[in-house]
Amino acid sequence: MKYEAVIGLEVHAQMLTETKIFCGCSTKFGSEPNTQTCPICIGMPGVLPVLNKKALEFAIRTGLATNCKISNYSRFARKNYFYPDLPKGYQISQYELPICEHGFLEIVVDGEVKKIGITRIHMEEDAGKNIHEGGGNYSFVDLNRTGVPLMEIVSEPDIRSPKEAAEYMKKLRTILRYLGVCDGNMEQGSLRCDANVSIRPVGQKELGTRAEVKNINSFKFVEKALEYEIKRQIKVIEEGGKIIQETRLWDSDRGITESMRSKEEAHDYRYFPEPDLVPMTVEQKWIDEIKSSLPELPDVKRERFVAEFGLPEYDADLLTSEKSIANWFEGAVKAGGQAKAVSNWMMGELMKLLNEENKTFEECALKPAQLAEMLSLMDKGTISGKIAKTIFEEMYKTGKDADVIVKEKGLVQVSDEGAIEKAVDEIIAKNPKEVERYKSGDEKLLGFFVGQVMKAMKGKANPQILNEILKKKLS
Amino acid sequence: MKISVEHIAKLARLSVSEEEKELFGPQLNGILSYMEKLDELNTKDVGPTSHVLSLSNVMRDDMPGNSIPREDALLNAPDHTDKFYRVPKIIE
């Protein structure tokens with residue numbers, strides 16, 4: 001029998017606010033443990049939380065960018081449970097009146113556009129961090145993260161394959177980063193993904209029993225964890241078993257999901273409206289203001305790059321995957337660079353150099369205008385394409401402009417026919433056998449002669465002129 | 001019985017004896033029945049209330065305030081090291 005998977009994702013995104021959601025403690029990552037807390041976030045009796053306006057704004061921004069309806073009346077709720085990383089004994093979250101609902105985003109899988117529904121986006125506070133290593137019979141708790149604002153973004157069960165799930169995550173991350181509301185770092189935990197997975201025979205309408213897969217803590221594991229879980233469920237069904245509704249943990253070392261028996265007991269969170277916080281009423285005026293401040297989003301930008309610059313889809317897709325890359329590209333084009341040439345240099349040499357140093361475009365010292373200037377030197381014939389590679393690396397490393405490097409290193413392209421002819425004569429004289437072979441029809445050897453002359457002239461020969469002279473001399 | 005003493009005791013991490021269960025059950029259910037008196041009111045024209053104050057949108061700007069020294073934060077904990085709260089091992 002053929003099965004299809006039904007997947008819904010719950011994504012937690014840490015918001016890039018300066019301070020926590022209900023108090024003024026810093027949200028900075030990686031500080032000394034338990035140095036960013038106060039009576040409010042560690043749940044001392046008698047304190048009162050006050051909502052960080054920025055967190056609400058970020059949630060609305062995200063809602064607008066994912067086609068959600070923004071609730072004009074919304075409130076917080078208490079979710080009650082005990083865990084050592086939750087000092088109050090409850091998490092302030094949202095329940096029946098979330099800030100955003102009924103949105104969607106579009107992904108492209110195998111060349112087809114697919115809409116994935118977003119059920120809701122709500123705000124909540126993060127829990128602290130438990131550390132289990134090296135403590136013998138103890139675990140340790142760091143409450144710096146307690147109260148860091150989170151958005152929980154819940155998708156509809158519209159996802160049908162691990163690949164679609166990965167595309168959805170990628171798209172969501174790109175949007176969050178464009179909006180500047182989350183840094184999208186899965187490894188550091190600022191973006192987390194839980195997946196609800198079930199399978200059913202193709203054609204069946206009713207949903208199968210689902211399992212929740214947690215702890216998918218890296219981008220590359222989204223697909224792997226889901227592939228494993230789907231295979232596991234198919235196997236259980238085909239062997240005559242039943243899927244149990246349960247929480248399963250992804251174990252990346254072993255590449256499997258495992259039942260979390262300790263969490264099997266049915267949850268009873270006893271949600272109720274949070275009495276310490278007053279409700280939120282969001283005026284249309286504020287929504288409109290936020291809407292008008294949204295940046296151009298990746299889909300729109302990609303289409304514009306194709307239409308305005310005549311770029312292939314592939315280039316446009318890659319160049320709009322990060323706002324910083326897109327800005328760099330547009331900077332170089334604005335400075336006079338030809339769009340496709342800029343794109344080629346960025347996707348080739350520049351990304352290679354950045355990757356070698358593990359750097360992003362934000363950290364790129366090379367200025368877009370510097371690439372544009374180098375391209376204009378190529379157009380004018382001052383430098384050859386081959387030399388340009390050397391110059392580009394030098395520009396990247398030293399920050400110097402292309403014309404300065406050309407002068408310093410004497411890299412100006414030689415278009416003087418006399419000089420090229422002289423070099424060609426020398427090479428021909430040195431390689432009589434190859435000349436014979438070429439003349440008797442082995443025309444592939446032209447490349448050999450070009451290479452030899454280029455080598456002799458340190459790559460500075462104008463390739464067009466060199467080709468002409470060579471062909472003339474050899475015929 | 002509407003309330004299972006056993007269930008809510010478990011949720012609250014309280015251990016209750018058989019005698020206590022017998023004692024608390026009727027008491028808690030008595031409170032519920034008493035509150036049910038409110039059902040007799042006609043609330044047709046009254047909107048649901050989630051907060052006693054008729055306020056909304058009390059917010060703060062995203063400006064850093066003061067955190068407290070770590071020693072103070074750890075002071076009330078039943079157990080701690082110089083940097084962390086210490087609890088019984090969570091994962092078996």
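This is a predicted model: local features need pLDDT of at least 70, side-chain atom pairs count only at pLDDT 80 or more; totals for chains, interfaces and linings use all residues.
The contact between the two chains draws on 53 residues from chain A and 36 residues from chain B. About 3,700 Å² is buried between chain B and chain A, and carbon and sulfur atoms account for 58% of this area. Polar contacts connect 23 residue pairs across the interface of chain B and chain A, with both residues of each pair at pLDDT 80 or more.

On the side of chain B that touches chain A, at least two residues are supplied by each of α1 (5-11), β1 (59-60), α3 (70-75) and β2 (85-88) of chain B. The largest share comes from β2(B), which provides 4 residues. By residue class, the side of chain B that touches chain A consists of 16 nonpolar, 10 polar and 10 charged residues.

Strand pairing also crosses from one chain to the other. Strand β2 of chain A (residues 51-52) runs parallel to β1(B), and 2 bridges join these strands. Within this pairing, Leu51(A) has Met59(B) of β1(B) as its bridge partner.

Chain A itself is assigned three domains: domain 1 covers residues 3-289, domain 2 covers 296-409 and domain 3 covers 417-474. The centres of domain 2 and domain 3 of chain A, taken over C-alpha atoms, lie 32 Å apart.

An open sheet of 3 strands is present in chain A, with the order β6-β5-β16 and antiparallel pairing. The edge positions are held by β6 (90-93) and β16 (272-273) of chain A; each has a single partner strand, so one side of each remains without a neighbour in the sheet. Strands of a sheet pair through backbone hydrogen bonds, in either a parallel or an antiparallel sense. Strand β5 of chain A (residues 77-80) is paired with β6(A) through 4 bridges, in the antiparallel sense. Lys79(A) has Gln91(A), in β6(A), as its bridge partner.

Notes
Residues are numbered from 1 along each chain as its sequence is written. Chains are lettered from A and ligands numbered from 1 in the order in which they are written. Side-chain values use heavy atoms; hydrogens and water are left out. Contact means heavy atoms within 4.5 Å. Buried area is the accessible area (1.4 Å probe) that two parts lose on being put together, summed over both. A polar contact is a pair of N or O atoms within 3.5 Å; within protein, one must be able to donate a hydrogen and the other to accept it, and residues adjacent in sequence count only if both atoms are side-chain atoms. Ala, Val, Leu, Ile, Met, Phe, Trp, Tyr, Cys and Pro count as nonpolar, Asp, Glu, Lys and Arg as charged, and the others, Gly among them, as polar. Two strands pair if DSSP finds at least two bridges between them. Domain bounds come from an automatic or database domain assignment.
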